[in-house]
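Please look over the model below before reading on.

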Amino acid sequence: MSGGERAAVEEAEAEEEMVVGMGSYGGKVRILNGDPSEEMMLLWCLQQPTLSKNNALVRQSSNQLHLDACGRSLSIHHCLEMQGTPGVTGAVMWDSGVVLGKFLEHAVEVGMIGLQGKKVVELGSGCGLVGCIAALLGAQIILTDMPDRLRLLKKNIEANLYGDLRGSAIVNELVWGDDPDPELCNPLPDYVLGSDVIYSEGAVMDLLTTLVQLCGTHTTIILAGELRNDAILEYFLEAAMKEFSVGRIDQAQWHPDYCSARVVIYVMVIKSRENEDL
């Protein structure tokens with residue numbers, strides 16, 4: 001990138017509106033306004049994700065991911081050999097899941113998020129790492145995924161959540177776009193979490209339908225994603241900004257030992273919340 005291009009990107013970033021707190025997240029957030037293509041320019045030019053190692057936080061030589069979190073040593077089984085298989089996501093761990101899980105741990109520790117006793121729904125729970133960490137942080141979490149992903153998810157939950165827990169975790173089937181079970185939305189959750197859920201243009205509208213169904217005026221969404229395809233992310237943001245206020249959480253607020261230029265974290269609240277608070 002030339003000096004002039006970098007200057008233009010940095011100027012655009014400086015003009016982004018910064019706010020303290022969005023929904024139940026108490027940290028600083030960069031509000032996305034206007035054309036989401038500007039967000040793509042900022043991410044791909046400043047973070048330069050394609051120059052960073054893919055899955056740097058997930059060992060490439062083992063089907064067990066070992067991670068210390070919340071005073072425990074977690075062991076998450078995943079199918080590393082399926083990492084490059086088209087259409088397979090839930091059986092594989094990605095950096096975004098590690099980043100989101102450790103972000104939650106750090107955010108609770110410094111007081112930017114409170115999960116104790118909160119109802120949390122996780123979308124596309126996959127191998128279950130994020131859900132395990134949320135439960136250890138005190139959340140009453142429901143981990144969801146498609147029917148063929150639940151066996152591995154349940155196995156990892158049972159292997160890692162034992163003994164005395166601050167929170168709890170159960171597994172529930174959920175296909176995006178379908179009507180959710182009453183258990184998921186009655187009452188509506190305090191938080192909705194997701195890692196690497198923005199991966200297919202064809203799934204975007206179903207994902208947004210489910211997010212709207214699960215969101216009340218008190219619900220805060222936190223999504224972490226791998227920066228693979230700018231067109232798909234831009235499509236998601238453009239559609240999401242019609243229903244939600246969207247902000248990006250700066251990496252300075254992530255867990256200091258678990259950052260990646262290939263990952264982004266967004267926080268979202270349904271727009272009716274803002275209208276109600278005015």
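1. A crossing is called left-handed if the near helix is turned anticlockwise from the far one by less than a right angle, and right-handed if clockwise. Helices (H or I, at least four residues) are DSSP runs numbered from the N terminus.

2. This is a predicted model, in which local features need pLDDT of at least 70 and side-chain atom pairs count only at pLDDT 80 or more, while totals for chains, interfaces and linings use all residues. Residues are numbered from 1 along each chain as its sequence is written, and side-chain values use heavy atoms, with hydrogens and water left out.

3. Helix α2 (residues 36-47) crosses α8 at roughly 140°, their axes coming within 9 Å; axes are lines fitted to C-alpha atoms over the stretch in contact, with angles from 0 to 180 degrees between N-to-C directions. The α2 and α8 crossing is right-handed. The contact (heavy atoms within 4.5 Å) involves P36, S37, E39, M40, L43 and W44 of α2, and D230, L233, E234, L237 and E238 of α8.

4. Helix α7 (residues 204-214) and helix α8 (residues 230-240) have axes that come within 10 Å and cross at roughly 35°. The crossing of α7 and α8 is also right-handed. V204, M205, L207, L208 and L211 of α7 meet Y235, F236, A239 and A240 of α8.

5. F103 touches Y25, I113, I222, I249, Q253, W254, H255 and I265, leaving aside residues up to four places away in sequence.

Notes:
Helix = DSSP H or I, 4+ residues; strand = E, 2+ residues; numbered from the N terminus.
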